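Please open the model in your viewer and keep the selection tool at hand. The tour moves from one selection to the next and says what is found at each stop.

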Amino acid sequence: MIRAIKNTFLFFTTIIISGCSLVPTAPLAEQHDTLLVMFGDTRIDPYFWLRNRESQKVIDHLLAENAYTYAVMEPTLNLQDRLVAEMRSRKRGDDITVPVFMNGYYYYIRYEEGKEYPINCRRKGSMDAPEEIILDENEVAAGHRYCQIASIDISPDNHIMAFGVDTLGKRLFTIYFKDLASGRILEHKIENSTGEVAWTKDSRFVFYAFKDSTLRPSAIYRHDILQPYDDVPVFKENDKTFRVHVFTTKSHSYVVISTSNGKASECWYLDAEKPLDKFRLIVGREQNLEYSVDHSGSHFYFLTNLNASNFSVLRAPVTKPALKSWEEVIHADSSVLILTMEAFKNHLVTIERRDALLKVRVINLQNMEQHYIDFGEEVYTALPSVNPEFNTNLFYYYYTSFTTPGSTCEYNMTTRKKRLLKQNEVLGGFDPANYESKRIWATASDSAMIPISLVYRKGTEFSANTPLLLYGYGAYGYSINTTFDPNLISLLDRGVVYAVAHVRGGQEMGRHWYNQGKLLNKKNSFTDFIACAEKLIADGYTSAPKLIAHGSSAGGLLLGTAVNMRPDLFKAVVAEVPFVDVLTSMLDSTQALTTVEYNEWGNPHDSTYYYYIKSYSPYDQIRKMPYPNMLVTSGYNDNQVQYFEPVKWVAKLRANNTANSQILLWIDMSLGHSQSSGRYLQLKDQAFIYAYMLNQWGITE
């Protein structure tokens, strides 16, 4: 990540370190006060000018920041190289996924030595049949620093493939169509989409979601493969807090449009054999009523919060889907959060969370008998793998834990027998018996018990000298699962303890866990994280001089607020693409994703939310005090957290920092919200972060 741009910033680096100074000087951004007035309240932003991305002065400042970071990080280049070599040595260069049967073909992904991206393949009827390469992502990514394929959707007749591509990291996908018989990419394409399509049974039409200028999926269109230049709008969402989504049920019987804002939802359905018909409403939107829909046999199945804060499963006849016809399949349980459901011809599978652990429930739709899959481990993650077939008794799931490499398993829902199909191979002599994971609990300021997941190498001694990395997120109801990361071994083998703080704002402990960490309860996320840090120190796992906090995006908001509240708790903070200028961004409805996130943070055009957000917004709450060392990253093309948020944050932190600490900023000038997309390039980005952390802990080898 750093070495690749060395020559680009050599001039700036030379300027910064000239004069024989052993320690380079951090860039100082000019201050030009901008007054931001709302509800009679005036905020003064001295760095508002940094929002002008076309200004040469702004560009020069960003390049100077990168040059400074390069100069500071240059002594770690050899360590970065060692880390990349270590992480790469654990990966198989050539690998293949478990084949998945769908509509007469076995589909799989394989990797070739030295290539960054996967190759998507299929074989007809048997894995002994000739291989057909349907999409080589290395060819799609050629010439691009970043490339993400949103989805690969095959037509029911197996002849046409639709796939969505983003080469800028802006999450605006272009959908292309490929004739799989000839290998030809069709001339027509669909831009500004989510990258996914829903096919109709005749393989002629697809439905897709259009993204507007704020990145909100705001409308559904019908696209005709035979007459591709006049797409027909079939649904438009005028409420700017809602997002729309379209999909075909696993049964291939219905196309469903779903629109939701996190507080209410609404679904419409269409017979997949009648693509030109109008969509029909299931249940209209009602405040605080959420539901999603799937189909099997003569019923629609609903995952809903109707009289169930943690959700339940209900069903209704397809001929009478109105609310009054809904009947119970899985009753509500205040201790169990139902996250997802998946309908097969004879079974229904739900993924649930109890006490921060994932459970998988299987229901026989013929006799309604229910059971859970037994996993037998204390801290683990079990999630559905790819299950495209409807008429099957086999359910495929992905199992992993902090110490167990990702494993694809097959479960017979009728016989209840499970079979390991593949465990991801970790080269280099990895032995899971050398590592240990556990869960402890911190007591929050309001007495809530916050789970903390830990992993470390066996034999690691816990003391005030033990380096510990604490990760947190806590937003959007997104739960941090305990998954195996082979890259993390490079830290664990150097004596680092890795911990995840499952703070409120996620859903680890149920839907209430999310509700207690959003809107006017958002501060619980920050105090929870602080309580977790205090617990780890009090129990002797580490000490403040050895504790590093890590988070990204909304996790950067978590860190930014926590460090304003308790800067003394952390040796260093690593904040990747952090969302830190919350109030200013949420007041700008033209900015990407603002309106759809009102139900997460609140709409600051309401004075109650304005003052509450202001009271924790990291940028607004910076004050004169000693801040810890920091590494902050950003992407110039990021349209989720605009580059200027972390840039302004760093400038203001430096201006107010009273400690002799170092605050670094790295802006990737060609990426967006994510790191590099190639599997080897990702290792360089990871090594850069790890090298910074190890250097902070004084670990140089």
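In which strand is the place of Val-37? Select Val-37 in this predicted model, and you will find the residue in strand β1, which covers residues 34-38. With a relative accessibility of 54%, Val-37 counts as exposed, because the cut-off for that class is over 50%.

Now move to helix α2 (residues 56-73), whose 18 residues should span 26 Å at 1.5 Å a residue, in agreement with the 25 Å between its end C-alpha atoms. Of these 18 residues, 15 are buried, so the helix is largely enclosed by the rest of the structure. At the start of α2, look for the side-chain oxygen of Ser-55 that reaches to within 3.2 Å of the backbone nitrogen of Lys-57.

As a last stop, select Arg-92 and Glu-425, which form a salt bridge whose closest N and O atoms are 3.1 Å apart. Both residues lie in loops, Arg-92 between α3 and β3 and Glu-425 between β30 and β31, so the pair ties together parts 333 residues apart in sequence. Arg-92 is partly exposed at 30% relative accessible area, and Glu-425 is partly exposed at 42%.

Notes. Residues are numbered from 1 along each chain as its sequence is written. This is a predicted model: local features need pLDDT of at least 70, side-chain atom pairs count only at pLDDT 80 or more; totals for chains, interfaces and linings use all residues. Side-chain values use heavy atoms; hydrogens and water are left out. Helices (H or I, at least four residues) and strands (E, at least two) are DSSP runs, numbered from the N terminus. Buried means under 20% relative accessible area, exposed over 50%, partly exposed in between (1.4 Å probe, protein chains only). The expected span of a helix is 1.5 Å times one less than its number of residues. A polar contact is a pair of N or O atoms within 3.5 Å; within protein, one must be able to donate a hydrogen and the other to accept it, and residues adjacent in sequence count only if both atoms are side-chain atoms. A salt bridge is a side-chain nitrogen of Lys or Arg within 4 Å of a carboxyl oxygen of Asp or Glu.
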